[in-house]
Amino acid sequence: MTDHPEFRTLSGVPVDAVYGDGPAPGEYPYTRGVHADMYRSRLWTMRMFAGFGTAGDTNARFHELLKAGGTGLSTAFDMPTLMGRDSDHDWAIGEVGRAGVAIDTVEDMADLFAGIDLGAVSTSMTINGPAPILLAMYVAVAAEGGVERGRLSGTLQNDILKEYQAQKEYLFPPRPSVRLVTDVIRFTTAEMPRWNPVSISGYHIREAGSTAAQELAFTLANGFAYVEAATAAGLAVDDFAPRLSFFFNSHLDFFEEVGKFRAARRIWARWMRDRYGATDERSLKLRFHTQTAGVSLTAQQPEVNVARVALQALAGVLGGTQSLHTDSFDEALALPSEDAARIALRTQQVIAHETGVANVVDPLGGSAYVEWMTDEMERRAEEVFAHLEDLGDGSLLEGVHAGIESGWFAGEIADAAYRYEREVNAGERIVVGVNAFTDGDDPESRRLLRIGQDTEDLQRKRLAAVRQARDDGAVATTLARVAADAAEPTTNVMPALLDAVRARATVGEVVDALEGVFGTWTEKAVV
Amino acid sequence: MGPQATADHGQPVRVVLAKLGLDGHDRGLKVVARMLRDAGMEVVYLGLRQTTETIIDAVEQEDADVVGISMLNAGHLTLGPRMVEALADAGLDVPVVIGGIVPDEDRPAMAAAGVAGVLGPGASADEVVACVHAACGP
């Protein structure tokens, strides 16, 4: 290792890349990290999640984030888009562009990425139920801009299982939805080698109230379920597994979080090798994105959230994350304002460039407490896997389906959420500014981002213009093919979706066509 | 059961809880359901993706005293008043309490629209129960 000045402490003491014995970072089972020298050769991607208003509004925020030193884009869609409804649908009233950006047609997608070289940037899209449709739109926009799909780099969340368990943004019943996930995996495996087709997400499970161990266990179980589904669809595990990626929450209990991240890598490596027969080491390496815990942010004294976010981000970095979103301090009050989003990005930059923590790989490895916590997280996760295997007669995929259908996951998560709430209520847990140290709240000082009704009106006009200009006959033909291909369980729907979005079919129209074949899903309302 | 768990008809307060609209964040509403239940109230939990019509049906069938709706998607200024109007149009004198992310500056507008109470992030069980009780009237 060269004696590069970056790898000296602030006081000038030279430091090695790694300290301690045992399997090194970059070696199986990757507990200490997936790369030998981690952030020394490449910092994590500072990927800030953004989306609000119309495509033009969010495009401006994207340009701002890239100018401020962000290194990847991440798109938040509004509730109607997430639920596969158009902006002029009855369900969309009051929700267009409010909690994310409104996307109805490929024209909106083109405006969203205007002026951004899709061959050069990596893009994450947080979308699940309609994920294959939005991927088709992204591919179509890139092609219209001269970028071949094989050059596209990014991540589609496309993790439908956790929707039934936690986030609840599902459209169709679980089984056909998992088939759509595998259709995307098949498509990107064949045609988009730089694309991550699924981001297996614990984030939302945790936000819904789970414990750290439940987040770890449910997420990895969902990952195993997708591996079983994709291999059942005819793919070889080493053909797609290197492109599976993960997304975890980084919450407040610092060492518990670090232990969780380390355990995740070890469990995934062992299961992929021993259970699913993967031999390509890239299949064994769990790569993950981290977001700080939105649910931990307080509406009271919101400035204090900057400190919470910094500590959570540090846990993600010390846990070896590949990319990171830091929450804005005002998120318990409204969508992030531009100033708050910039402070959140600056927080990552302070960690990366000022604290020195990126100079040494897995600096907490070897700590008796951290190693014990890593083992404990793994042990608790293995208990859950055993339970799901029982439920599924040896299949994790079937076990996960059974847990969804019976409401087991949702019940476990709700129990944990209520337990926490009771502890806070009883004063057994201190939440600074909420149940202790409550002086100093100044609601007058807040400048919140507001999305007005004009966004909704404008988006409806844009949609009406696209409907007016397109060839309705072509739209009907392509939608008929979507339905026909969906009805054939072994046909990949992606080509039909590409044709439909190119013909300017809307998200809602495509979802309706799929719903006609797959039906809808209503969960058992259990509290 | 504490004294504040009963409504003026002498029966336990009966609360219909629902997510109005597309927003699927149901952690808060489920926690509130258990808080109210622990306080001796009767909770009719409708769950996700409810409309003003489905909520009104439940209010009529269950003879509810209060409607609690939850939203974390900034739709409260549209959907809150809409719920109040829909209940009035149906001839139901049932107060509406909203929980979720509602900026303080929106509270006067919510009150003016007839929303009986707003519960923000971090509300304690006591605050939740008191708010529902206050919405039911003296």
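Q: What makes Glu6(A) and Arg40(A) contacts of Asn359(A)?
A: Contact requires heavy atoms within 4.5 Å. In this predicted model, Asn359(A) touches Glu6(A), Phe7(A), Arg8(A), Val15(A), Asp16(A), Ala17(A) and Arg40(A), with residues up to four places away in sequence left out of the count.

Q: Why is Asn359(A) called buried?
A: The word applies under 20% relative accessible area. Asn359(A) has a relative accessible area of 12%, and therefore Asn359(A) is buried.

Q: Where in chain A does Asn359(A) lie?
A: Asn359(A) belongs to the loop between helix H13 (338-353) and helix H14 (368-391) of chain A.

Q: What makes up the secondary structure of chain B, and in which order do the elements run?
A: Chain B holds 5 helices and 5 strands. From the N terminus on, they follow the order β-α-β-α-β-α-β-α-β-α.

Q: Why is chain B called as compact as a globular protein of its length?
A: For 138 residues the globule rule gives 14 Å; the radius of gyration of chain B is 13 Å, which is close to that value, so the description applies. The C-alpha trace of chain B spans about 35 × 35 × 25 Å along its principal axes.

Q: How many of the contacts in chain B between residues at least 6 apart in sequence join residues at least 24 apart?
A: The share is 70% of those contacts. Buried residues, for their part, account for 57% of the 138 residues in chain B.

Q: What is known of the charged side chains of chain B?
A: Chain B carries 9 positive and 19 negative side chains, and 10 Å separates the centres of the two sets.

Notes. Residues numbered from 1 in each chain as written. Chains lettered and ligands numbered in written order. Predicted model: local features only at pLDDT ≥ 70, side-chain atom pairs only at ≥ 80, totals over all residues. Heavy atoms only, no water. Helix = DSSP H or I, 4+ residues; strand = E, 2+ residues; numbered from the N terminus. Rg over C-alpha atoms; globule rule 2.2 N^0.38 Å. Buried < 20%, exposed > 50% of the residue type's maximum accessible area, 1.4 Å probe, protein only. Lys, Arg positive; Asp, Glu negative; His and termini not counted. Charge placed at Lys NZ, Arg CZ, Asp CG, Glu CD.
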